[in-house]
2 protein chains.
Amino acid sequence: MLSAARKIFAEKGYDKATVRGIAAEAGVDPALVHHYFSSKEGVFVAAMQFPMMPADVLPKILAGPRERIGERIVRFLLTMTSAPEAREPIVALLRTAMVNEQAAGMLREFITDAILTRVAQALSIPPIRMEVAFAQMFGVLMMRYIVELEPLASADTEELVEILAPTLQRYLTA
Amino acid sequence: MLSAARKIFAEKGYDKATVRGIAAEAGVDPALVHHYFSSKEGVFVAAMQFPMMPADVLPKILAGPRERIGERIVRFLLTMTSAPEAREPIVALLRTAMVNEQAAGMLREFITDAILTRVAQALSIPPIRMEVAFAQMFGVLMMRYIVELEPLASADTEELVEILAPTLQRYLTA
């Protein structure tokens with residue numbers, strides 16, 4: 001099932017892939033896919049071995065005081081990616097997207113639908129502000145874990161929260 | 001000469017490569033390499049077909065009022081990368097570094113020596129603040145030109161300067 005899903009997402013991208021099409025590729029009933037994964041997002045997250053589903057996590061991050069939303073996002077992303085087994089599938093997709101056009105399209109559609117649009121709507125901010133916030137955290141993760149710039153690569157989570165949270169807070173307050 | 005330089009930089013990384021070693025690989029006198037490229041940085045920039053040399057550009061960006069340094073950096077990077085022929089060699093090195101460990105090491109050493117350390121010293125800021133500033137601009141360029149997030153990919157330079165300059169200004173003021 002999950003290899004059928006990976007095939008369909010790679011071929012069609014995230015937007016055009018459907019639970020029905022993935023079920024057909026796997027030779028199973030779409031109701032079964034819905035039963036186990038509840039949504040296309042759930043299938044994608046399982047197929048990519050992501051450690052969490054944005055639809056579950058975002059409401060928790062968005063709840064709580066608006067004046068500390070930047071801090072909550074930065075701390076969540078740095079904490080989640082501090083565990084190699086949670087970080088690796090995410091970093092793998094981000095790296096592949098840098099060198100493969102199909103993967104870049106799939107990443108663009110998934111993060112736009114599952115993350116960026118939801119947060120921008122929930123906070124009533126222009127989408128571009130959410131995109132530069134995402135770019136900041138993407139850049140930090142790549143420089144910390146792939147390029148291994150020092151002292152960034154060895155910095156502890158709370159030091160980075162202190163530096164980065166005001167940036168995210170400003171982007172998400174507009 | 002430049003293919004000899006690329007070979008040496010790939011094998012030894014930026015820090016351990018020397019003008020002498022590159023000249024030996026190319027079978028020419030080191031004085032000739034110094035004459036044409038003036039420094040290891042000059043050889044690297046020529047070998048990678050970069051559109052500019054940090055040693056020439058940074059003093060111009062660092063001159064001028066400190067309270068607008070963020071704006072000058074953001075505008076310079078966005079303007080330079082708006083021309084495909086200037087952008088492509090830079091984006092090519094950044095992409096390769098994401099998937100190739102040798103290239104990641106070479107990028108880390110080059111940007112640390114040629115850009116990050118110089119700016120952090122000139123402005124008397126902790127290196128980590130310069131690194132997250134770099135991560136912000138790296139992330140924006142990747143999301144704009146590789147992942148093509150919209151509206152970020154189509155936004156004009158001045159709109160992005162307005163959003164990003166205060167972030168860089170804050171990182172570089174500490």
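Mentor: Buried here means under 20% relative accessible area, and exposed means over 50%. Keep in mind that the model is predicted. Take chain A for the setting. Of its 174 residues, 51% count as buried. The secondary structure of chain A is 10 helices and 0 strands. Its radius of gyration is 17 Å, which agrees with the value near 16 Å that a compact globule of 174 residues would have. Along the principal axes, the C-alpha trace of chain A spans about 50 × 35 × 25 Å. Contacts in chain A with a separation of 6 or more come to 63% from residues 24 or more positions apart. The accessible surface of chain A is about 7,700 Å², and carbon and sulfur atoms hold 55% of that.

Now the close look, in chain B. Helix α2 of chain B covers residues 19-26, and its buried residues are B:Val19, B:Ile22 and B:Ala23. Seen down the axis of α2(B), these fall within an arc of 100°, so they line one face of the helix. The spacing has a simple basis. An α-helix has 3.6 residues a turn, so residues three or four places apart point the same way. What packs over that face? The cover on the buried residues of α2(B) includes α1 (2-16), α3 (30-37) and α4 (40-47) of chain B. Turn to the other side. The face of α2(B) away from its buried side carries the exposed residues B:Arg20 and B:Ala24. Finally, the end of the helix. B:Gly27 follows α2(B), and its phi is positive, near 70°.

Terms used: Residues numbered from 1 in each chain as written. Chains lettered and ligands numbered in written order. Predicted model: local features only at pLDDT ≥ 70, side-chain atom pairs only at ≥ 80, totals over all residues. Heavy atoms only, no water. Helix = DSSP H or I, 4+ residues; strand = E, 2+ residues; numbered from the N terminus. Rg over C-alpha atoms; globule rule 2.2 N^0.38 Å. Buried < 20%, exposed > 50% of the residue type's maximum accessible area, 1.4 Å probe, protein only. Contact = heavy atoms within 4.5 Å. Areas by Shrake-Rupley, 256 points an atom, 1.4 Å probe, with all protein chains shown as cover. Arc of directions from axis to C-beta.
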